[in-house]
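Here is a short report on one protein chain. Please keep the sequence and the model open while reading.

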Amino acid sequence: MTESFHRSGEYENPYEGQQQAPVNPEWPPPPAYAPAHAPHPKKRGRGPLALIAAVAIVAAAIGGGTAYGIQELTGNDTVASSSTSTNVVPSSQKGTVAGVAKAVSPSIVEISAASNAGSSTGSGVIITSGGEIVTNNHVVAGASQIKATTSDGKSYTAKVVGTDSKKDLALIKLENASGLKAATLGDSAGIQVGDQVVAIGAPEGLSGTVTSGIISALDRDVTVPTEEGQDQGQQQWGQGQGQGQGDQWPFEFGGRQFNGDTGSDTTTYKALQTDASLNPGNSGGALIDMNGNIIGINSAMYSPTSQASSSSDAGSIGLGFAIPVNTVKADLAKLRAGSTD
């Protein structure tokens, strides 16, 4: 007897080797012979379906990687955020300082803060059309009155929403503001040493001042006073020395202290270093890539002056620092919640 071996999933055809008669359309169809071990339908379709699913997942991952997303705030306010490949600057002026300045200047404000210690001037970045603004904590710390002036000259009263002294960040909100041009927050993780950048702020109260340079270094450890220590710094540099000098607050870098004594209550954060000219009043303003995306909030700069020096002796020597925008984005929920750390 001859044995016939069949592989798993195969079956014997009783008509194999025989001439098959023609089929009459009126005859009933022959019975269906199902394989003894027919593969499950889902298994047979698994390959193509898995491929489609994988493609969808990859597409979602790419989409999530190129944008921080749109975060809903109160009302219809949203925070615009993108990767550094997104162009805010018109194509005709792409990669130019003039193009960046024109595109982003409407999103930068001058901030005037008054306190018992005196007054100071800083800058801020509009992040929602309803008037939410990111700035440095030391610009508004202890202020009893805050005013912000937009690039078109309109002045608003502002209130502090939340502060984070450990990151030197604050969120303020303009009263009765709407229809403002919000800046686009970029991705500081993609920044490289040598990248061209533009800084916009209000040094010495000169709103809308634009300077440019490059990223000099990454992940610099900058030590600054927390809120308690800032009062001393503001009194040292702000009171009686003219508008804008409250922005020359002390900081420590590389084991050296600049602009005075940081005191004993300090915090350290990782910063972007830039040689773009920063002067008193630039704090809280924007550091921007050449596509018009905000990549940092200017926070500290060395100014070769002392208590005995006049404000005319102060000036930038190309040693400035900015808080990376990814740090800002990670801190926004805490600031919106009314943090007073």
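The report covers the model, its confidence, one set of strands and the nonpolar cores.

## Basis of the model

This is a predicted model: local features need pLDDT of at least 70, side-chain atom pairs count only at pLDDT 80 or more, and totals for chains, interfaces and linings use all residues. Residues are numbered from 1 along each chain as its sequence is written, and side-chain values use heavy atoms, with hydrogens and water left out.

## Overall build

The protein chain has 6 helices and 16 strands. Helices (H or I, at least four residues) and strands (E, at least two) are DSSP runs, numbered from the N terminus. The chain holds 341 residues, and 43% of them count as buried. Buried means under 20% relative accessible area, exposed over 50%, partly exposed in between (1.4 Å probe, protein chains only).

Contact means heavy atoms within 4.5 Å. Among contacts with a separation of 6 or more, 69% join residues 24 or more positions apart. The accessible surface is about 17100 Å², and carbon and sulfur atoms hold 51% of it. These areas come from the Shrake-Rupley method with a 1.4 Å probe; for residues, only the protein chains shown count as cover.

## Confidence

The mean pLDDT (the predictor's confidence in each residue, from 0 to 100) is 77, and 65% of residues reach 70 or more. Over residues 51-76 pLDDT stays under 50; the model gives this stretch 22 contacts beyond four places in sequence. Residues 306-312 are also below 50, with 7 contacts beyond near neighbours in sequence. Where pLDDT is low, the predicted coordinates should not be read in detail.

## Strand 3 and its partners

Strand 4 (residues 118-126) pairs with strand 3 in the antiparallel sense over 8 bridges. Two strands pair if DSSP finds at least two bridges between them. The two form a hairpin with 2 residues between them. Ser112 stands opposite Thr121 in strand 4.

Strand 3 also pairs with strand 6 (residues 145-149), antiparallel, over 5 bridges. Here Ala113 has Ile146 as its bridge partner.

## Nonpolar cores

A nonpolar core is a set of buried Ala, Val, Leu, Ile, Met, Phe, Trp, Tyr and Cys residues joined through side-chain atoms within 4.5 Å. The largest has 35 residues; Val104, Phe251 and Phe321 are among those with the most contacts inside it. Helix 6 (residues 325-336) gives the most to this core, with 4 residues. Apart from it lies another core of 15 residues, including Val109 and Ile146.

Beyond four places in sequence, Phe321 touches residues including Arg220, Phe251, Gln273 and Asn298.
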